[in-house]
Every structure is written in C-alpha cells, then in structure tokens.
Amino acid sequence: MSECPDIVQLEGVTRAFAGTKAVDGLSLKLKAGEVMGFLGTNGAGKTTTIKMMLGLLAPTSGTVKVLGGDPSDPHVRAHIGYMPEVATYYPYLNARELLAFYGGICGLDAKTVRLRADSLLESVGLADAAKRPLKTYSKGMLQRAGIAQALLSDPDLLVLDEPFTGLDPLARIHFRELLRGLKERGKTIFFSSHELGETELLCDRVAIMKKGHCVYQGPVKDIAGDGATNLERLFLKTLEEAK
Amino acid sequence: MKLFARQVCALVKLSFIELWRRNDIFALVLLGLALMVPLSMATPFGAEGASRYLDEMALLLVWGFSLFIALGTGQRLFPPEFESRTIYPLLAKPISRGRLLVGKYIGAVAASWSALAFFYVLFVASVLLRGGTFAAELPQAIVLHFAFVALAVSVSLLGSLLVSASANLTLSALVLVGMFFFGRRLPEYAEGLNPALAWVVKTVYAIAPHSEFFDMRQRLVHGWGAVDGVVFLVALAYAVVYVAILLLLASCVLGRKRL
C-alpha cells in the first residue's frame with residue numbers, strides 16, 4: 001500500500017467561516033485503492049472537508065490536492081464521483097433521464113450513457129423504477145439514484161457523504177457489496193458516516209473529526225489492539241480523550 | 001469544445017423537460033388556446049378596425065405569456081438547485097460555474113423560445129383564419145420578440161441570484177413592463193423635472209433594459225411595414241450586449257456564492 005500514489009492529499013487545511021474554524025489544520029492522505037471512513041459528530045467538519053476535496057470550497061489556508069491536481073479544476077473533477085448526503089434531484093425527471101443528464105454534464109456520449117445507465121440502475125436495484133418520476137421515489141431510492149449518478153463516469157475516486165442514510169437493511173447490504181466490488185476493482189473510496197458498523201466492515205482506515213480537528217487516524221485492523229474491541233468503542237474513547 | 005457542447009445539450013434538454021412538465025405552463029398553454037381560438041373565430045361585423053383590435057389583444061396576450069414564461073424560467077435556473085442541494089453533485093462534475101451558468105441560460109432561452117414559437121403559431125393561425133394577412137414586418141417582429149425573451153431571461157437569472165423569488169419576479173416584471181409601456185417617454189418626462197430628478201430619470205433610462213426596442217406590435221397590427229435593416233440590427237445588438245453584461249454580472253455573483 002505504501003507504494004501506491006496519494007489520491008487525496010490534505011496538508012494543514014483550515015477553513016473558517018466568519019472567524020469560526022469549521023476545519024482546523026487537517027492533514028490527511030488517501031492512497032489509491034484505499035477505503036477510508038470519515039467519522040465525527042454533527043458539525044465536526046466532515047462535510048466542509050468533503051466540499052474542499054471536491055473544489056466546491058476553497059481552504060482558508062493549507063493545500064488540497066486530489067489525483068495530483070487542484071480539485072477546483074474541472075479536469076480533476078472528471079475523475080471524481082460524488083454522492084451528497086441529501087439531494088432530492090430533479091423531481092420531474094425519471095432515473096434514466098437523471099443519468100442521461102449527468103452523463104451529458106460529464107461529457108459522455110449518448111450510447112455510453114445508455115449502456116452505463118442500464119448496468120448501474122440494475123446494480124443499485126432501480127431498473128424496475130427507472131421510468132418513474134423521481135418525485136415518487138422514497139428516500140432510500142433517491143440515495144440509490146445518487147449512488148448511480150456518482151458512479152456514472154466510472155470515477156477513480158468516490159466521495160460519499162453519509163451514503164447509508166435512508167437505506168433499509170437489505171439495501172444497506174446490497175450497497176455494502178457494491179462498494180466492496182468497487183474496492184476490488186481498485187477504486188479509492190472516501191466516505192463520511194455515522195454508521196460505525198458499516199464503516200468497520202468496509203474501511204481500511206478511519207479518521208475521526210472533532211470540532212474541526214482530526215483526533216484519530218489509523219487502520220481499522222489496528223483498532224482491536226488499541227484497547228477497544230470495535231470501532232464504536234474507539235470512537236467514543238477518542239472523542240472522550242479529545243475533550 | 002465537444003465537452004462543452006454535450007454539457008450545453010444536457011442543460012438545454014433539462015430546461016425543456018422542466019418547462020414542459022410544469023403544471024403552470026400546461027395551464028398557460030390551455031389558457032392560450034382558450035383565448036386565441038375564440039379570437040380566431042370572432043367576426044367583428046367585418047369592420048377592419050375591430051379586427052385589428054382583436055389582433056392587438058392577441059399580441060398583447062402573446063407578450064404577456066412570453067414575459068411570464070421567460071421570468072419564471074430564469075428564476076428557476078439556480079435557486080431550486082441550491083434549495084434541493086443538487087448544485088453539489090452538479091458542480092462536483094467536470095463543469096465550471098461559468099459554463100454551468102451559460103449552459104443553463106442557453107437552455108432556459110431555448111425552452112422559452114419553444115413556448116413563444118407555440119404562441120406565435122396560434123397567433124398567426126388566428127389571424128389567417130379571420131382572413132388577415134402578414135407582410136415583411138412579421139419575421140422582424142418575431143425575431144425582436146425572441147430577442148426580448150432572451151433579455152428577460154437574463155434579467156430574471158441575475159435577479160434570482162441576488163434577491164428572493166418573489167422580489168425578483170416583481171422587480172423584473174416591473175422594470176420590463178414599465179420600460180415596455182413608458183420607456184420611450186422617459187426623456188420627454190425628464191425635461192419637465194428639476195435637475196436632480198431629471199438626472200435620476202435619465203440614469204434609469206440609460207441603464208434599464210429597453211423592452212420597448214423590441215415591440216413591433218403596432219407595425220404588425222396596422223401593416224406599417226418593416227423597420228429599417230440597420231435599426232433592426234442595432235436592436236438585436238443591444239439585446240446581445242445587454243445579455244452579455246447581465247451574464248457577466250451573474251457569473252461574478254455565482255462565482256462568489258458560498259456553497
């Protein structure tokens with residue numbers, strides 16, 4: 001793993017809003033093919049960090065490099081797939097039209113979009129509902145549509161913000177398997193989550209944020225040796241120690 | 001260039017789907033049919049003046065509908081993206097804010113033009129069914145009306161990034177309708193005011209979008225013929241420059257908007 005290039009490189013990143021630091025001096029590296037879970041309580045700075053990784057927000061100080069470039073460059077973003085925490089998407093479109101739209105934005109030709117959309121809708125379990133307007137979708141179905149749009153351009157880096165939110169147990173298992181398949185294909189995955197069990201099952205490494213600071217970074221396999229028996233204990237212990 | 005073309009195509013398609021699947025547009029189309037069809041059947045005692053009055057009414061309806069659609073479409077380009085948070089996955093794709101703005105604007109104008117074309121088909125049909133005719137002024141009137149719609153979309157788009165939806169629609173409609181009816185009288189009106197007020201009125205005249213430049217209703221109704229080609233081209237150039245300035249301002253506002 002150490003020979004793999006850094007896909008994400010954050011060096012001393014700080015982002016302040018009206019004098020309040022949402023992220024403070026964060027340094028983080030993510031290697032190719034790694035799956036990293038990004039944990040923290042609400043308001044810890046997870047979404048702000050993700051927005052900086054996507055070039056949607058500029059850091060106040062520090063550097064953010066993704067795939068060796070500046071994520072505010074659209075050419076860099078062409079290799080990133082992103083699924084937001086909550087998005088209602090376009091209620092008047094159906095799932096197939098949604099993917100056709102995002103495919104066009106990614107610059108894919110119609111034939112490629114059609115082929116990928118068929119395969120993705122099948123893999124996220126939306127094939128039967130592909131022609132229904134998104135306004136009739138449940139929250140879980142919208143999450144799955146969100147995953148499909150994130151995977152549409154076959155990205156090298158997948159950034160997922162709370163991907164398990166709204167998924168029923170079956171969809172959760174299905175989604176976990178989907179992410180495992182992507183990992184086996186060498187994709188790098190970075191996701192924020194409150195679902196510690198899922199994070200433990202999926203991730204190579206975790207980072208824990210508290211009030212804008214990264215208070216823990218380490219491999220999941222080391223967790224047992226850390227005196228905690230699972231990620232939940234480590235999470236609570238880390239947050240307690242960081243007080 | 002290929003990427004930009006595909007992005008614009010996707011945004012144009014999105015605007016079309018959005019416009020034509022909206023209930024209010026569907027209602028507007030039905031309303032248009034309900035008003036235009038009786039107009040086409042009316043035979044006002046064979047009097048030419050009364051027939052012209054019907055044409056004028058029909059044209060005013062077309063202008064009103066087109067303004068409603070243009071302002072609504074421009075207003076809906078960005079605020080719903082922020083409200084539903086679809087702006088995040090959209091800007092996480094390989095598209096810059098500037099390109100997104102231009103693509104969305106082109107989409108909104110194309111969709112609004114499609115609705116305007118529909119209303120003009122109804123209008124022309126209503127006139128022809130009453131035995132009326134059109135001369136060279138018709139193509140000019142239609143092209144200038146299309147230019148006005150492009151201008152109205154850009155006014156509404158910029159406003160949507162600065163103020164709330166209701167404030168934007170009210171202000172944009174007020175400015176465009178105000179200039180449409182009273183714009184040409186403003187310099188004359190300024191003459192009779194004290195210097196300070198006259199300066200204000202003249203400034204408004206200089207910077208407000210001149211909707212009245214695109215209004216050829218009277219020529220169309222009374223058959224006064226086409227305007228001089230140079231005048232026509234200057235009006236089009238005015239629309240292009242005004243739209244470019246508004247898009248540039250909108251791009252600055254969008255670029256500074258915090259996500």
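Where does A:Leu67 lie? Select A:Leu67 to begin: the residue lies in the loop between E4 and H2 of chain A. Helices (H or I, at least four residues) and strands (E, at least two) are DSSP runs, numbered from the N terminus. The model is predicted: local features need pLDDT of at least 70, side-chain atom pairs count only at pLDDT 80 or more, and totals for chains, interfaces and linings use all residues. Residues are numbered from 1 along each chain as its sequence is written, while chains are lettered from A and ligands numbered from 1 in the order in which they are written.

Remain at A:Leu67 and inspect the backbone. Its phi is positive, about 50 degrees, although A:Leu67 is not a glycine. Most residues other than glycine have a negative phi. A:Leu67 is buried, because 23 other C-beta atoms lie within 10 Å; the term requires 20 or more other C-beta atoms within 10 Å of the residue's own, with exposed meaning 12 or fewer and partly exposed anything in between, C-beta atoms being placed from the backbone.

Next select B:Arg85, in the loop between helix H4 (79-83) and helix H5 (87-91) of chain B. B:Arg85 is not a glycine either, yet has a positive phi of about 65 degrees. B:Arg85 has 16 C-beta neighbours inside 10 Å and therefore counts as partly exposed.

**Second stop: the sheet of chain A**

Return to chain A and display strands E2, E1 and E4. In that order they form an open sheet of three strands with antiparallel pairing; two strands pair if DSSP finds at least two bridges between them. Strand E2 (20-31) and strand E4 (61-66) stand at the edges with a single partner strand each, so one side of each is left without a neighbour in the sheet. On average, neighbouring strands of this sheet are turned by 15 degrees against each other, direction ignored. Axes here are lines fitted to C-alpha atoms, for helices over the stretch in contact, and angles run from 0 to 180 degrees between N-to-C directions.

Now follow strand E1 (residues 6-17), which eight bridges join to the antiparallel E2(A). Two residues separate E1(A) and E2(A) in a hairpin, and A:Ala18 in the turn has a positive phi of about 50 degrees. Along this pairing, A:Leu10 stands opposite A:Leu28, and A:Val8 has A:Leu30 as its bridge partner. Toward E4(A), E1(A) is joined by five bridges, again antiparallel.

Select residues 231-241 of chain A, helix H8, where A:Leu231, A:Leu234 and A:Phe235 are buried. These three cover an arc of only 100 degrees around the axis, which puts them on the same side of H8(A); the arc is that of the directions from the helix axis to the C-beta atoms. Turn to the other side of H8(A) for A:Leu236, A:Glu240 and A:Glu241, which are exposed. The cover over the buried residues of H8(A) includes strand E3 (35-40), helix H7 (196-202) and strand E8 (205-210) of chain A.

Zoom in on helix H3 (residues 95-106) of chain A and helix H1 (residues 2-20) of chain B, whose axes come within 7 Å and cross at roughly 150 degrees. The two helices are therefore roughly antiparallel to each other, the class for angles over 145 degrees, with under 35 as roughly parallel, 65 to 115 as roughly perpendicular and the rest as oblique. H3(A) contributes A:Glu97, A:Phe101, A:Gly104 and A:Ile105 to the contact, and H1(B) contributes B:Arg6, B:Gln7, B:Cys9, B:Ala10, B:Leu14 and B:Ile17.

Conventions
Two residues are in contact if their C-beta atoms, placed from the backbone, lie within 7 Å.
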